[in-house]
Amino acid sequence: MSQNLSRSLRFVKQPVRGGGVVAAQNQRAADIGARVLAEGGNAVDAAVATAFSLAVLEPWMSGLGGGGYMMVYDAARRRAHCVDFGMIAARRLDPAFYPLAEGKGGDLFGWPSVLEDRNILGYPSIAVPGQPEGMRLALETFGTRSWAQSLAPAIEQAEQGLDVDWYASIVLASAAPILTRFPASKAVFLPDDFVPVAEWGGATPRIRNPALLATLKRLRDAGARDYYDGELARSLAADLARGGSAIAADDLSRYHARLLPPLSMLHGGAELLLPPALTAGPTLADALSIAAPHLQQGLNARAFVAYAEALDTAYEKRLNTMGETENQGGCTTNLCVIDKQGNMVALTQTLLSLFGSRVVLPQSGVLMNNGIMWFDPRPGRPNSMAPGKRPLSNMLPSLGLKDGKPWLAIGASGGRRILPAVMQLVSFLTDHGMGLEQAFHQPRIDVSVTGQPAYSPLLDGATIAALCQRFPKATARPLYPYPLAYACPSAVAIEPDGTRIGMTEIGQPWAGAAGSA
């Protein structure tokens, strides 16, 4: 813990209420979604417009070069669906190209190192992206607005450029040494070879990506499948081939998002609708089931120890058993939306690492994912890399119903930190009767490393003592804006009087919610 930072600093956020609410990791993106609701769009319309805008407003987290999952509750039909637009390994990927090296990998998951970080950095780390196709499927299936209308706000933002405030400067500086390795990435994010920084009292600098603006306009005019079958696809394939990626034109043309039935479980008087398959949904169900018997006596020291034990047990099962053992079919941001009609969306989309592969494709301006890092680089395991395979991801956009009626949409970003955050917030709401504002201000623990929980120093002394006794390697981790020590959740809900409410991570300065009348 840095000794330069105040130990008495506290973070507080006010909730946002309205007839419809959007919560996102960027306030301007949330405002765009709320504007769509105000114009008569439904929750999916707002989510798609917000998601595309984040490619410009929070480009290092997600965008056209990534993938994800969207949970949708259709209020008219009283049904939930999962839109799977996750990334897939190239059909010509060769696992032998990723030999193990000594030590641990340098990014999110602590896998063994791979030679030259080929699974983390550069063109070899890129998986087939699904974001444009996922937005197409969601909009055509559940939306009411046109494709062109959905892209218009992102195009408007791309024309204006990204304001580089103090937080953006910090994020850019953290990745600058690696971004300089890739000329197109350097040109976009490090103009004049330096991190843009506002002068004291001066105007906020802006960064622009003209190639991405042209790509967004091309998508608007030619449709989503142009990214996979048309002129854009040919541009992407050419740049990927020149950079040494295994992704070829037929990988793009074969890619299709899919609709999956959600997982359903009962917990604390609510029905939880979770993403299935290779997400953290099954692991959340396991963890809540394990912890449930120990959560009946209030939010005390035993409850937090139970959270930690349940997460450890569920995650061990996850890593040892989950993965796509057969090749079937085909840093992260989260946003949540609820509209007047009770339609709900929880959407998590990602480039995986901060700035993904760190590669901006020169012709299209698209920042690409490093989805190959999701695979265990060790052979012979359920989640080992293989051609055409889907990796195991940590994404967890989730929905909740009470008495069969829409109630909650929630999710988070943060890699392995997502599951502990969503689990605790859901438990705070269901097991301990908190409202959304109180739940988001309740200090949490993080259990993303087995046997080594991190805890907020704001927890009471008895809880901290119990955690340290049960887990001798437990450590204190305060909440600061950067580096964010915990996941970054967002959520929307319907309060008992029918008002819609939205909350975002209190320690994240960009995350915000916006309401519509």
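Trainee: Which residue forms a salt bridge with R145?

Mentor: This is a predicted model, so local features need pLDDT of at least 70 and side-chain atom pairs count only at pLDDT 80 or more, while totals for chains, interfaces and linings use all residues. Residues are numbered from 1 along each chain as its sequence is written, and side-chain values use heavy atoms, with hydrogens and water left out. A salt bridge here is a side-chain nitrogen of Lys or Arg within 4 Å of a carboxyl oxygen of Asp or Glu. The closest N and O atoms of the pair are 3.1 Å apart, and the partner of R145 is E39.

Trainee: How many residues apart in sequence are the parts that R145 and E39 tie together?

Mentor: Helices (H or I, at least four residues) and strands (E, at least two) are DSSP runs, numbered from the N terminus. R145 lies in the loop between α3 (131-142) and α4 (147-160), and E39 in the loop between α1 (27-38) and α2 (43-57). The pair therefore ties together parts whose separation in sequence is 106 residues.

Trainee: Is R145 buried or exposed?

Mentor: Buried means under 20% relative accessible area, exposed over 50%, and partly exposed in between (1.4 Å probe, protein chains only). E39 has a relative accessible area of 51%, so E39 is exposed. R145 has 17% relative accessibility and therefore counts as buried.

Trainee: Where in the chain is R477, the salt-bridge partner of D446?

Mentor: The closest N and O atoms of D446 and R477 are 3.2 Å apart. The pair links distant parts of the chain, 31 residues apart, with D446 in strand β16 (residues 445-446). D446 is buried at a relative accessible area of 3%, whereas R477 counts as partly exposed at 22%. R477 itself is in the loop between β18 (475-476) and β19 (488-494).

Trainee: What is the radius of gyration of the protein?

Mentor: The protein has 15 helices and 21 strands. The radius is taken over C-alpha atoms, and the globule rule is 2.2 Å times the number of residues to the power 0.38. For 517 residues that rule gives 24 Å, and the protein's value is close to this, so the protein is as compact as a globular protein of that length; its radius of gyration is 21 Å.

Trainee: What percentage of the residues is buried?

Mentor: The C-alpha trace spans about 60 × 55 × 55 Å along its principal axes. By the Shrake-Rupley method with a 1.4 Å probe, the protein exposes about 19100 Å², of which carbon and sulfur atoms supply 52%. Of the 517 residues, the buried share is 62%.

Trainee: Which peptide bond is cis, with omega near -10°?

Mentor: Most residues other than glycine have a negative phi, and most peptide bonds are trans. P483, in the loop between β18 and β19, takes part in the cis bond, which runs from Y482 to P483.

Trainee: What is the phi of F355, which is not a glycine?

Mentor: F355 lies in the loop between β13 (344-350) and β14 (398-402). F355 has 0% relative accessibility, so F355 counts as buried. Its phi is positive, at about 65°.
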